[in-house]
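Me: I would like to learn how to read a structure feature by feature. Could we start with the surroundings of one residue and then widen the view?

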Amino acid sequence: MGCSTSTSSTKALVDYVDPNIGTAHCRWFFYTPAAIPFGMAKLAPSTDAHLGNPGGWQAVGYDFRHTSIEGFANFHEFQVGGVVFAPTVGELQTVPGELENPDGGYRSRFDKKDEVAAPGYYSVLLKDYGVKAELTAMKRVGFHRYTYPEGKPASILIDLREGNGSNAYDSYIRKVDDYTVEGYRYVR
């Protein structure tokens, strides 16, 4: 029976994928659970993306050992990274803060038990804000869905600065209406 060809298993091959394997001190473009193969948008949480990549080797992006998230980056390619979205409630902060001091910025703590990472999907509960974040992607676009607690002022910070391995030298963003923002970010 060791060589049986029975196909009674209900699992597909993709069910065996664990996107979190190898995320300890990995490069920013290795962890992209909310993506499709060869897609342009590759969404993922960032735990230390703001550190940048001045030496060209730093492990910035997501590290499974970390317990706070500074936001969700939309691009993860070898030379292009960033455009971080950070859902928050309460008073707006404009710096991400450090891993050792999450209260020093807009980052939020999270528990591994509240995190789901699967091929094409990522979700987590941001404990400091009570916001559930969900990410997924199609071939050219990424989708973020944030569920905020009722009765608190909600915002989404969009960080266009350096981070996730690419250096921005020019960026622009504008709020078109209550549902639309547009802009660009040039990187070296």
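**Reading two residues and their chain**

Reply: Setting aside residues up to four places away in sequence, tyrosine 121 is in contact with Pro33, Ala34, Val116, Glu134 and Leu135. The model is a predicted one, and tyrosine 121 belongs to strand S7, which covers residues 121-126.

Me: Which side chain makes a polar contact with the side chain of tyrosine 121?

Reply: A polar contact is a pair of N or O atoms within 3.5 Å; here the partner is the side chain of glutamate 134, at 2.6 Å.

Me: Is aspartate 159 buried or exposed?

Reply: Buried means under 20% relative accessible area, so aspartate 159, with a relative accessible area of 10%, is buried. Tyrosine 121, at 27% relative accessibility, counts as partly exposed, because that class lies between the limits of 20% and 50%.

Me: What does aspartate 159 touch, beyond the residues up to four places away in sequence?

Reply: Aspartate 159, which lies in strand S10 (residues 154-159), touches Val83, Val84 and Tyr106, and its side chain is joined to that of tyrosine 106 by a polar contact of 2.7 Å.

Me: How many helices and strands are there in the chain?

Reply: The chain has 0 helices and 12 strands. Of its 188 residues, 40% count as buried, and among contacts with a separation of 6 or more, 55% are between residues 24 or more positions apart. Tyrosine 121 and isoleucine 36 are 85 residues apart along the chain, with their C-alpha atoms separated by 9.5 Å.

How values were computed:
Residues numbered from 1 in each chain as written. Predicted model: local features only at pLDDT ≥ 70, side-chain atom pairs only at ≥ 80, totals over all residues. Heavy atoms only, no water. Helix = DSSP H or I, 4+ residues; strand = E, 2+ residues; numbered from the N terminus. Buried < 20%, exposed > 50% of the residue type's maximum accessible area, 1.4 Å probe, protein only. Contact = heavy atoms within 4.5 Å. Polar contact = N/O pair within 3.5 Å; in protein donor to acceptor, adjacent residues only side chain to side chain.
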